[in-house]
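Q: Please take a close look at one part of this structure, the surroundings of the ligand, and describe it together with the element that leads away from it.

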Amino acid sequence: MSEANGLTAKLSNSEAVRQRSGLPTLVGITGGIGSGKSTIAAELAKRGFPVYDTDREAKRIIVLNPAVRSQVETLFGSDVFDGDTYLTHKVAAQVFADPDLLLRLNRIVHPAVKFDLEHWAKDKPLCFVESAILFESGLQELCDKTVYVDAPEELRIARTVARDHSAPEQVRARIQAQNNDARRLADIVINNDGSRTIAELADELISQL
Ligand code: ATP
């Protein structure tokens with residue numbers, strides 16, 4: 001039995017145990033660009049905890065759910081799909097020209113993701129969902145606890161530039177466009193300022209649940 005499975009089994013082997021113990025089942029992880037939320041989520045997955053990657057699952061749903069796919073096609077045209085590949089750069093170009101399209105896309109995709117996540121999390125003893133827009137998309141309504149991964153802005157910019165080879169001013173502009181409410185709304189704040197390892201941060205997160 002892995003460390004995580006052992007921990008999960010000890011903490012909450014079933015829904016009944018979970019309810020008695022008051023431990024959360026679904027934990028939402030969010031944070032700004034370059035904060036390290038994917039890195040912490042990957043560490044939790046490595047330990048055996050189920051992690052729902054919202055970006056990846058949203059793309060899967062858009063391609064494979066016929067009702068969602070046809071609404072996306074109506075909105076953006078069928079050339080945003082190449083077979084079963086969703087061409088996000090084509091969507092991004094249209095959204096850039098008309099921001100209202102993003103709101104309309106979100107109204108199609110967010111409820112479908114929420115429905116999918118609810119089913120995915122059902123019967124799982126302790127699991128995590130990672131989303132940059134956890135609160136904006138309404139997914140936090142399904143979460144028993146929410147975690148905000150924080151880091152100083154300059155460090156987030158440096159990490160993102162190193163990761164994506166993007167220009168610092170572009171990253172700064174994206175940071176400024178992001179909603180800052182999540183830090184205030186989250187139950188737990190984890191500070192990924194580089195002073196502790198990712199493993200230590202994952203331990204801290206788990207200990208605070
Ligand atoms: P985005 O919303 O842009 O996807 P994110 O919050 O998911 O960002 P990550 O991709 O996890 O951020 O981290 C950004 C970059 O910083 C990655 O390349 C990651 O490896 C690196 N990183 C994150 N935390 C640390 C850390 N504590 N020490 C060193 N590098 C880190």
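A: By class, the shell around the ligand consists of 3 nonpolar, 9 polar and 3 charged residues, where Ala, Val, Leu, Ile, Met, Phe, Trp, Tyr, Cys and Pro count as nonpolar, Asp, Glu, Lys and Arg as charged, and the others, Gly among them, as polar. The model is predicted, so local features need pLDDT of at least 70 and side-chain atom pairs count only at pLDDT 80 or more, while totals for chains, interfaces and linings use all residues. Residues are numbered from 1 along each chain as its sequence is written.

Of the 15 residues around the ligand, those that come nearest are Gly-36, Ser-38, Thr-39, Arg-159 and Arg-163; a residue is near if its C-beta atom, placed from the backbone, lies within 6 Å of the molecule. At least two residues of this shell come from each of α3 and α8 (153–164), helices being DSSP runs of H or I with at least four residues and strands runs of E with at least two, numbered from the N terminus.

Within helix α3 (residues 37–46), the buried residues are Lys-37, Ile-40, Ala-41, Glu-43 and Leu-44, buried meaning that 20 or more other C-beta atoms, placed from the backbone, lie within 10 Å of the residue's own. Because they cover an arc of only 155° around the axis, they lie on the same side of α3, the arc being that of the directions from the helix axis to the C-beta atoms. These buried residues pack against β1 (26–31), β2 (51–53), β5 (127–130), β6 (145–150), β7 (188–191) and α11 (198–207), with contact taken as C-beta atoms, placed from the backbone, within 7 Å. After α3 comes Gly-48, whose phi is positive, near 105°.

Terms used. A residue is buried if 20 or more other C-beta atoms lie within 10 Å of its own, exposed if 12 or fewer, and partly exposed in between; C-beta atoms are placed from the backbone. Two residues are in contact if their C-beta atoms, placed from the backbone, lie within 7 Å.
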